[in-house]
Structures are given as structure tokens and as C-alpha cells.
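Here's a friendly walk through one protein chain. Have a look at the sequence and the fold first, and then we'll go through some details together.

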Amino acid sequence: MRQHMINQVVLVGRLTKDPELRYTAEGAAVATVTLAVARNFRNAEGGIDADFVPCVLWRKTAEHTANYCRKGSMVAVTGRIQTRRYDKKDGQRVYVTEVVAQSVQFLHSGKKQEWPEHV
């Protein structure tokens, strides 16, 4: 019997810096962003902490986000969590956990912006 598993995440937060857009050797657009997502409770000092979540965007989603969003932009990312590992030149193994975006919605931040009709 096949088990059904779910790997889906929805995050709403602000970009910590401008999206970094590049292209693979095959010509596919890929952008990386880090999303600052505030926690919904206060810490011991009464402040609100945030998590900084690395996200990877592909193709048109990557290009539109790079063209229309900047540091501080509020976005909603829907995607899946992915883990991977690689070995550095010195032999140290590095583990990476990131969100691979399936869609990005640009949210109103109170500033006048020109948004594309479809993303």
C-alpha cells in the first residue's frame, strides 16, 4: 500500500536583500532569496524574533521576482522543503535545507509599485 506524504510550506515575509538571479548552463533562470519570517510569539525579552529561510526560485518565477522585488519586499512563497548535501574542497560535508518555490506572490507593502499582471 502506497503512503501519501506531503511536503508543502507557505511562508510570508520580507526579502533580506535583492534577489540574486543567474542562469544555468542550459539557460534556465534561477534566483536565490532569503525570506525573513517573524515568529508569532515574543521572546523572553519581549521582542519578536525572525527566522531567515533560504529559498530557490526557478524560471519565470525567478525572473519576475528579480525584476519586481527588492530588499524589504513582502512576498508569499509556496513550495517544498528540500535538503541536500555536498562536500567542500577540504572534505567537510555541508548540509543545506531550503525551500524550492512553486509560486511567489508579491504582496502590497504600502508603497506604490508596478506589478506584472501574471506571475
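Which residue in E4 does Val 37 stand opposite? Asp 51 stands opposite Val 37 there.

Before going further, a word on the ground rules. This is a predicted model, so to speak of local features a pLDDT of at least 70 is needed, side-chain atom pairs count only at pLDDT 80 or more, and totals for chains, interfaces and linings use all residues. Residues are numbered from 1 along each chain as its sequence is written, and side-chain values use heavy atoms, with hydrogens and water left out.

**Strands**

The labels come from DSSP: helices are runs of H or I with at least four residues, strands are runs of E with at least two, and both are numbered from the N terminus. Two strands pair if DSSP finds at least two bridges between them.

| Partner of E3 | Sense | Bridges |
|---|---|---|
| E1 (residues 9–15) | antiparallel | two bridges |
| E2 (residues 20–23) | antiparallel | four bridges |
| E4 (residues 48–58) | antiparallel | ten bridges |

Leu 15 has Leu 35 in E3 as its bridge partner, while Tyr 23 stands opposite Ala 29 in E3.

Then there are the hairpins. The one made by E2 and E3 has five residues between the strands, and Gly 27 takes a positive phi near 95° there. In the hairpin of E3 and E4, five residues again lie between the strands, and Gly 46 takes a positive phi near 90°.

**An aromatic pair**

The structure holds one aromatic pair. Tyr 68 and Phe 106 form it, with 6.5 Å centre to centre and 40° between the planes, which makes it tilted. For the cut-offs: rings of Phe, Tyr and Trp (its six-membered ring) pair if their centres lie within 6.5 Å, and planes under 30 degrees apart count as stacked, over 60 as edge-to-face and the rest as tilted. The pair links distant parts of the chain, since Tyr 68 sits in helix H1 (residues 59–68) and Phe 106 in strand E6 (residues 93–106), 38 residues apart.

Buried or exposed? Buried means under 20% relative accessible area, exposed over 50%, and partly exposed in between (1.4 Å probe, protein chains only). Tyr 68 is partly exposed at 30%, whereas Phe 106 is buried at 16%.

**Thr 65**

Helix H1 also holds Thr 65, which is buried, with a relative accessible area of 2%. Leaving aside neighbours within four places in sequence, Thr 65 is in contact (heavy atoms within 4.5 Å) with Pro 19, Leu 57, Val 104 and Phe 106.
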